[in-house]
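Trainee: Could we go through this structure together? I would like to start with the basis of the model and then take its parts in turn.

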Amino acid sequence: MRFLLTSQQLDFARSLDAMLGAAGTSAAIRAWASGDAGPGRDVWSRLADAGVFALGVPEAYEGLGCLAVELALSCVELGRHAVPGPVVETVAAAALLARLAELGEDGPAKRLLPGIASGGCVASVLWPGAGPYALDADAADAVLVVADQELRLAPGHGPVQPSADPARRLARPLPGGELLYAGPELDDAMAHATGWARLAAAGQSLGVAEALLSRTVAYVKQRTQFGAPIGSFQAVKHRLADTLVSIEFARPLLYAAALSLAPGEVAAAKVTAGEAAYGAARTALQLHGAVGYTQELDLSLWLRKARPLRDAWGSPGECRARVLAG
């Protein structure tokens, strides 16, 4: 089987790349990290106008119909430009609500999905196995918490905690809140949403890896040593080639997972793209030398995303175990 993206899908990806390239995402990331979500929300508004957040929402709730391939493509571009905010968590929230609607409980979907599709509702989530913190709860319009087979809308959050990536702001949701749904169907809905979240995280990881490789290639062409660009050295070429191979190996796995949404294939895409991003970060840091450690260099905005994205929504060990389980 030969799989190629359609011309419409490629044009959509190019349009997102051009739009985000002109949006000044570096400034938005730094503002988000400092607690100012305004510039980041402006970027989200542009993405919503392009239909990005509607890609994971059924048509019955003002979405475009849960288009997994297009969503994966979008997440690659969002990762390439390091768009701040709970992108993966918003995808997970949409998938959770859509699945509950499929199972016969459409009240929460009617209430929240149109806002997610339009970009007016930035969502974060927290459920068993995801750790104690919700991502960007301070900037989210809705934080969905699942515990004891109950889905609640968190009434607020505790203090923001530091993260390896300053733009990933972590906070504990406050207990209680409005009950949206209770029942055993939540287990099925969470499993379904976890698959979509892993797909989105894999897409973002692939985009981060591509951005890191591109910036590193540009740098090694400019930096000279012994009178020659360091990019001409064989050891540097080999390191960059290994990074490119890992990225190109992850790409077909991502789109295969988007086509099937099979848990094992999604887990394979997640672990492969996550490791590609982490490897690209290590290569970028080493080839940039001491300047790579500076926070002032925009490279750091991508360097510090690679490992948190790799470990979010299933560590490499967890994803490999899921692949082995079939």
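Predicted model: local features only at pLDDT ≥ 70, side-chain atom pairs only at ≥ 80, totals over all residues.

Trainee: What is the strand order in the open sheet?
Mentor: The order is E1-E3-E4-E6, four strands with mixed pairing. Strands (E, at least two residues) and helices (H or I, at least four) are DSSP runs numbered from the N terminus, and two strands pair if DSSP finds at least two bridges between them.

Trainee: Which strands stand at the edges?
Mentor: Strand E1 (123-126) and strand E6 (178-182) do, each with a single partner strand, so one side of each is left without a neighbour in the sheet. The twist from one strand to the next averages 20°.

Trainee: How many bridges join E1 to E3?
Mentor: Four bridges join E1 to strand E3 (residues 142-147), and the two run parallel. Within E3, Ala142 is the bridge partner of Ala123, and Val145 is that of Leu126.

Trainee: Which way do the residues of E1 point?
Mentor: Ala123 and Val125 point one way, Ser124 and Leu126 the other way, and all are buried. Buried means under 20% relative accessible area, exposed means over 50%, and partly exposed lies in between (1.4 Å probe, protein chains only). In a regular strand the side chains alternate between the two faces of the sheet.

Trainee: Now helix H6. Which of its residues are buried, and what do they pack against?
Mentor: In H6, Pro108, Ala109, Leu112, Leu113, Pro114, Ile116 and Ala117 are buried. These buried residues pack against H5, E1, E3 and E6, where contact means heavy atoms within 4.5 Å. Gly119, which follows H6, has a positive phi near 85°.

Trainee: Next, Pro86. Where is it, and is it buried or exposed?
Mentor: Pro86 is in the loop between H4 and H5, and Pro86 is buried, with a relative accessible area of 0%. Not counting residues up to four places away in sequence, Pro86 touches Trp32, Trp44, Val122, Ala123, Leu135 and Asp136. Pro86 and Val122 are 36 residues apart in sequence, and their C-alpha atoms are 7.4 Å apart in space.

Trainee: How many aromatic pairs are there?
Mentor: The count comes to two aromatic pairs. Trp44 and Phe53 form a stacked pair, at 4.5 Å centre to centre with 15° between the planes, and both are buried. The rings of Trp127 and Trp313 have their centres 5.5 Å apart and their planes at 70°, so this pair is edge-to-face. Rings of Phe, Tyr and Trp (its six-membered ring) pair if their centres lie within 6.5 Å; planes under 30 degrees apart count as stacked, over 60 as edge-to-face and the rest as tilted.

Trainee: What does the pair of Trp127 and Trp313 tie together?
Mentor: Trp127 lies in the loop between E1 and strand E2 (134-135) and Trp313 in the loop between helix H10 (299-311) and helix H11 (316-325), so the pair ties together parts that are 186 residues apart in sequence. Both Trp127 and Trp313 are buried.

Trainee: Which rings have a charged end over them?
Mentor: The charged end of Arg215 sits over the ring of Trp302, 4.2 Å from its centre, and that of Arg310 over the ring of Tyr278, 4.4 Å from its centre. The rule requires NZ of Lys or CZ of Arg within 6 Å of the ring centre and within 35 degrees of the ring normal.

Trainee: Finally, H8. What do its buried residues pack against?
Mentor: They pack against helix H4 (68-80), helix H7 (185-222) and helix H9 (263-288). Among the buried residues of H8 are Val236, Leu240 and Tyr255.

Methods. Residues numbered from 1 in each chain as written. Heavy atoms only, no water. Axes fitted to C-alpha atoms, helices over the stretch in contact; angles between N-to-C directions.
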